[in-house]
Amino acid sequence: MAQDVITQAPLGFGLGLRTQHFDAVLNTEPDIDWFEVLSENYMVAGGKPRYYLKEIGERYPLVMHGVSLSIGSTDPLNMDYLKALKQLANDVQPQWISDHICWTSIHGVNSHDLLPLPYTEETVKHVAQRIKTVQDFLGRRILMENVSSYLSYQDSSMDEWEFVNAVAETADCLILLDINNIYVSARNHNFNPLDYLNKINPKRVQQFHLAGHSDYGDYVIDTHDHDVPSSVWDLYRAALKRFGGISTMIERDANIPAFSALEAELAIARNIARDTLGETHPLNAAKGRKNMQEGKVIV
Amino acid sequence: MSQLQQLQHAFMDYLLASAAVDTPPTLAQTTQTFKDKIAEQGGINADIRMQIYANAYRIRLTETLETDHEMLGIYLGDELFERMAKGYIASQPSAFTSLRSFADALPDYLTQDAFFSQYPIIADIARFERSLLNAFDAFDTERATFARLQALPAEQWPGCQLRFHPSVQLFQCNSNAVETWQALKQQASPPSPDYQGKRAWLLWRGESRLTEFISLSEYQLALLLGFIGGATFAEQCEMMLAFFSDAQAPMQVLQALQAWFQMGLIRDIA
């Protein structure tokens with residue numbers, strides 16, 4: 001049952017691994033607890049991407065994050081993609097695997113965007129059944145992330161947080177809560193982001209994403225290309241209070257700054273977590289990398 | 001068709017229609033069909049909400065073309081690159097789970113497009129940049145050393161064949177596309193297009209994982225094509241008689257082999 005869904009201790013504070021930082025990570029071995037890698041970027045035969053993945057994976061715990069599962073599509077699940085994902089997971093041995101509660105492709109055409117789903121009972125059943133199939137195929141629970149959205153459908157009959165909870169419960173999967181995405185959607189759909197946080201089932205949340213966005217006044221675009229703004233830090237503080245010590249990472253997808261700038265942002269996250277949860281909380285004491293170096297089993 | 005399926009078709013039809021080069025006569029109907037499924041919820045209107053997704057679709061794919069084809073972008077300039085991107089995005093909706101493959105068909109598109117096909121060097125530059133990408137993330141394998149060949153008994157040499165590293169690629173064209181690419185890379189003015197004579201280049205990823213390329217003379221190309229095609233050392237020596245004297249031919253083959261091993265081109269000796 002839900003009480004023991006999450007069995008893994010928090011990994012601590014991580015960053016999204018980006019190609020621009022491969023050398024910086026290998027050469028300086030920075031004090032980062034773990035890295036999240038974009039699955040699709042490593043579904044290649046070899047070369048630099050796979051070399052750095054292997055080298056960095058020997059030094060840090062990794063988690064795999066995908067964008068092409070298209071879990072909500074009405075196309076059949078893409079088994080070629082799933083086989084490639086499973087093979088990559090065999091190679092990487094990630095702490096966990098995640099993707100998004102959305103759809104990306106239909107009729108075999110990929111939008112390469114995380115498109116929103118209508119929040120209906122029909123969609124919950126459809127998505128949950130497909131997540132179960134994926135979990136059975138991969139032989140593990142996966143984490144599903146809330147996406148930013150800019151429109152709502154007339155068909156929707158529930159709030160997004162109800163939909164996310166229902167999908168996670170029905171599929172028996174875990175939740176990756178993107179704090180920035182909640183903020184972006186709250187602004188675009190005029191709801192209180194704290195209502196969202198306070199309604200999400202805390203027993204299934206295993207990871208937080210933090211990121212920045214572009215604010216156009218009337219609406220906000222989830223660009224993941226800016227520093228984390230104060231509005232998202234405030235929401236992160238509230239999320240820590242609500243969910244406790246959840247593995248946290250900063251996800252920068254574009255306009256990638258120097259690695260030191262991301263380390264500085266991660267230090268802000270650490271400080272907020274220390275202030276909110278206390279120095280001795282497992283999240284703050286978590287040392288995914290240190291445990292790995294000492295040969296401790298993380299899971 | 002389920003409601004969800006209808007909605008997803010309407011959404012994708014709208015994205016594709018919005019990305020068309022010339023406004024399709026059906027755009028208004030396609031837009032309305034999707035708009036009918038959008039809730040009015042205050043704040044910005046449904047048209048703007050839909051447009052955010054249409055813009056994101058176009059921008060994301062355009063950025064992929066810019067990233068994969070940086071020098072081509074500089075060569076074309078903003079206006080022509082935009083024309084190419086719009087045309088390609090409209091004609092080649094992505095069937096891939098990774099954006100890495102989205103522009104695979106760009107050289108073919110440029111060869112077939114009525115406007116761009118007038119300037120074949122453009123397709124050649126695109127094809128060269130895709131070859132660089134393919135060398136960059138090709139499969140990793142061990143590489144054989146020249147010492148292994150030297151260790152073979154003399155009687156086995158005539159029949160020996162080579163297996164090449166997966167990153168090895170031959171690039172042939174009739175234009176000065178690679179010279180143009182090199183000039184742009186060095187932030188120099190590109191030479192005028194030149195279609196005088198065939199050119200050949202060898203691309204590969206070295207031991208240090210850097211992608212490298214060199215130009216090939218006619219005999220070097222023939223040698224590589226022969227070995228890649230499975231020809232034996234003896235057959236290649238004989239083939240070199242078309243270029244060199246009886247005495248020189250085996251030496252030329254041997255020198256080429258020594259260089260290839262040093263460059264990390266050879267995976268195995270069969």
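**Close-up views of a predicted two-chain model**

**Figure 1. The contact between chain B and chain A.** The contact takes in 42 residues of chain B and 45 residues of chain A, where contact means heavy atoms within 4.5 Å. The structure is a predicted model, in which local features need pLDDT of at least 70 and side-chain atom pairs count only at pLDDT 80 or more, while totals for chains, interfaces and linings use all residues. Residues are numbered from 1 along each chain as its sequence is written, chains are lettered from A and ligands numbered from 1 in the order in which they are written, and side-chain values use heavy atoms, with hydrogens and water left out. About 3,800 Å² is buried between chain B and chain A, and carbon and sulfur atoms give 63% of this area. Buried area is the accessible area (1.4 Å probe) that two parts lose on being put together, summed over both.

Figure 2. One salt bridge is found across the interface of chain B and chain A; a salt bridge is a side-chain nitrogen of Lys or Arg within 4 Å of a carboxyl oxygen of Asp or Glu. This salt bridge joins the side chains of A:Asp113 and B:Arg60, at 3.7 Å from N to O. Across the interface of chain B and chain A there are also 22 residue pairs in polar contact, with both residues at pLDDT 80 or more. A polar contact is a pair of N or O atoms within 3.5 Å; within protein, one must be able to donate a hydrogen and the other to accept it, and residues adjacent in sequence count only if both atoms are side-chain atoms. On the side of chain B that touches chain A, the elements giving two or more residues are α1 (3–18) and α3 (46–68) of chain B. Of the elements, α1(B) gives the most to this side, with ten residues. Helices (H or I, at least four residues) and strands (E, at least two) are DSSP runs, numbered from the N terminus. By class, this side of chain B has 25 nonpolar, nine polar and eight charged residues. Here Ala, Val, Leu, Ile, Met, Phe, Trp, Tyr, Cys and Pro count as nonpolar, Asp, Glu, Lys and Arg as charged, and the others, Gly among them, as polar.

Figure 3. Over all chains, 33 aromatic pairs are found. Rings of Phe, Tyr and Trp (its six-membered ring) pair if their centres lie within 6.5 Å; planes under 30 degrees apart count as stacked, over 60 as edge-to-face and the rest as tilted. The pair of A:Phe35 and A:Tyr60 is edge-to-face, because the ring centres are 4.9 Å apart and the planes stand at 85°. A:Phe35 lies in strand β2 (residues 34–38) of chain A and A:Tyr60 in the loop between α2 (48–57) and β3 (62–65) of chain A, so that the pair links distant parts of the chain, 25 residues apart. A:Phe35 is buried, with a relative accessible area of 0%, and A:Tyr60 is buried at 1%. Buried means under 20% relative accessible area, exposed over 50%, and partly exposed in between (1.4 Å probe, protein chains only). One aromatic cluster is formed by A:Trp103, A:Tyr150, B:Phe11, B:Tyr14, B:Phe34 and B:Tyr53.

**Figure 4. Salt bridges within chain A.** A:Asp33 forms a salt bridge with A:Arg270, with the closest N and O atoms 3.5 Å apart. A:Asp33 lies in the loop between α1 (22–28) and β2 of chain A and A:Arg270 in helix α9 (residues 259–277) of chain A, so the pair ties together parts 237 residues apart in sequence. Both A:Asp33 and A:Arg270 are buried. In another salt bridge, the side chains of A:Arg204 and A:Asp172 meet at 2.9 Å, N to O. A:Arg204 is buried, with a relative accessible area of 4%, whereas A:Asp172 is partly exposed at 30%. A:Arg141, A:Glu169, A:Asp172 and A:Arg204 are linked in a network of salt bridges.

Figure 5. A:Ser149 is found in the loop between β7 (143–145) and α5 of chain A and counts as buried, at 1% relative accessibility. The side chain of A:Ser149 makes a polar contact with that of A:His189, at 2.7 Å. Not counting residues up to four places away in sequence, A:Ser149 touches residues including A:Pro116, A:Tyr119 and B:Tyr53. Helix α6 (residues 179–189) of chain A is mostly covered, with ten of its eleven residues buried; A:His189 is one of these buried residues. At the start of α6(A), a side-chain oxygen of A:Asp178 reaches to within 3.0 Å of the backbone nitrogen of A:Asn180. Just after α6(A), A:Asn190 takes a positive phi of about 60°.
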